[in-house]
Amino acid sequence: MTSKWEQFTIASTIALAAAVTLSAQSVKITGAGATFPAPIYFKWIAEYNKLRSNVEINYQSLGSGAGVRQLTSQTVFFGASDYPLTEEQMAGAPGKILHFPSVLGAVVPIYNIPGVSAELKFTGPVLADIFLGKITKWNDAQITKLNADVNLPNTDINVVHRTDGSGTTYIFVDFLSKVSPEWKKRVGVAGSVNWPTGVGSKGNEGVAGMVKQTPGSIGYTEPAYANENKIAFGSVQNAAGKFIKASAASVTSAAAAAVKQMPADFRVSMTNPPGDDAYPIASFTWLLMYQDPKDKALAKTMIDFTTWALTEGQKYAADLGYAPLPSAVVELEKKSLATIKTK
């Protein structure tokens, strides 16, 4: 007959062995999509791995369009997009896809003008006319009027845009369509559009790289890519008439109006919002998952990772040029995560 201490020791040994076996089980999850949030996703994956060393998350930064396609074809476990799926895309998927806002970010106009280091000011209509090919010189009257204290050269504007299906493009053209009737009519809103002018490059990193190496160029990207490449980016006039530079605070201000009108499925546009301090070209970016995934074990791990990212992971947002999610949105997302089937 064993003593109570021996029974306790045996039970503890069994529990420890089970825990070691569980922790040793390698879990691999693959996702793909938006380049816009890639810097913070890579940070989250690295930090989460420190907590769960057996979990390997592989995120492929390919663009929102590619992420949606791979999720729909079920070649990845989760997708990522900077624009919400359309009703047609939702209906065409093999199962119900849930949207989870992961972080708030901005799209900024970046430029490379030799001899000009000042922070330029842009209005939405001026940006639209540049990307429509109507404003072709840096010293055009519409630009110099906004930047009277800057000596802008009489050089050509070289437009750089995305070539791939892109959530960053979607956010940018969504804003342009709200401030320029001509843009809305001629180009419209989509992750991939027929650009009236300019040259293309793939990914936020591609646009940033091309702007950096092309004198006289202008493009659009997420601030982290601008900062990484040491490229200037300008302030943009918001709906209240104020010129605002993208920052964690100004993006958080932009989210205030969107949060008040947040739909149950989290598919919302927040460009050109009201508010004196709101940056006008801002958006949520979304993680995409099936509500009833094939692999229930991976679903449990992905729920744990997403919950961590929405809570503890938000502290890494500001340093990488993003803004943390409002707490009210996080609470709503936790409820939505609970609807994912794990059995």
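**Stop 1: two helices side by side**

Select H12 and helix H13 (residues 327-337): they pack at an angle of about 175°, with their axes 11 Å apart. That makes H12 roughly antiparallel to H13, where angles under 35 degrees count as roughly parallel, over 145 as roughly antiparallel, 65 to 115 as roughly perpendicular and the rest as oblique. Axes here are lines fitted to C-alpha atoms, for helices over the stretch in contact, and angles run from 0 to 180 degrees between N-to-C directions. Helices (H or I, at least four residues) and strands (E, at least two) are DSSP runs, numbered from the N terminus.

Before moving on, note that this is a predicted model, in which local features need pLDDT of at least 70 and side-chain atom pairs count only at pLDDT 80 or more, while totals for chains, interfaces and linings use all residues. Residues are numbered from 1 along each chain as its sequence is written, and side-chain values use heavy atoms, with hydrogens and water left out.

Now show the side chains where H12 and H13 pack. On H12, pick Ile303, Thr306, Thr307 and Leu310; on H13, pick Val330, Glu333 and Leu337. They are in contact (heavy atoms within 4.5 Å). Colour the contact of H12 with H13 by class and you get 4 nonpolar, 2 polar and 1 charged residues. For the classes, Ala, Val, Leu, Ile, Met, Phe, Trp, Tyr, Cys and Pro count as nonpolar, Asp, Glu, Lys and Arg as charged, and the others, Gly among them, as polar.

**Stop 2: H12 again, with another partner**

Which residues make the contact? From H2 come Trp44, Ile45, Glu47, Tyr48 and Leu51, and from H12 come Thr301, Asp304, Phe305, Trp308 and Ala309. The contact of H2 with H12 has 7 nonpolar, 1 polar and 2 charged residues.

**Stop 3: empty spaces**

Rolling a probe the size of a water molecule over the atoms shows where empty space is left. On a 1 Å grid over the protein atoms alone, a cavity is a set of points where a 1.4 Å probe fits but cannot get out, and a pocket is an open set with protein on both sides within 12 Å along at least five of seven lines; lining residues have an atom within 4 Å of a point. Grid points are joined across faces, edges and corners, and a volume is the space filled by probe spheres set on the points.

How many cavities of 30 Å³ or more does a search of the whole structure find? There are 2. Select Tyr41, Trp44, Ile45, Phe78, Leu287 and Phe305 to see its lining. H2 gives the largest share of that lining, 3 residues. The lining of this second largest cavity divides into 6 nonpolar, no polar and no charged residues.

Next comes the largest cavity, with a volume of about 60 Å³. Its lining includes Asp82, Tyr170, Met270 and Trp286. Helix H7 (167-179) and strand E13 (282-290) are the elements that give two or more residues to this lining.

For an open space, go to the largest pocket, of about 260 Å³. Of its 15 lining residues, Gln74, Tyr290, Asp292, Pro293 and Lys294 are the closest to its centre.

**Stop 4: back to H7**

Finally, select helix H5 (residues 124-132) with H7: their angle is about 115° and their axes are 9 Å apart. Look for Gly124, Pro125, Leu127, Ala128 and Phe131 in H5 meeting Phe172, Phe175, Leu176 and Val179 in H7. The contact of H5 with H7 has 8 nonpolar, 1 polar and no charged residues.
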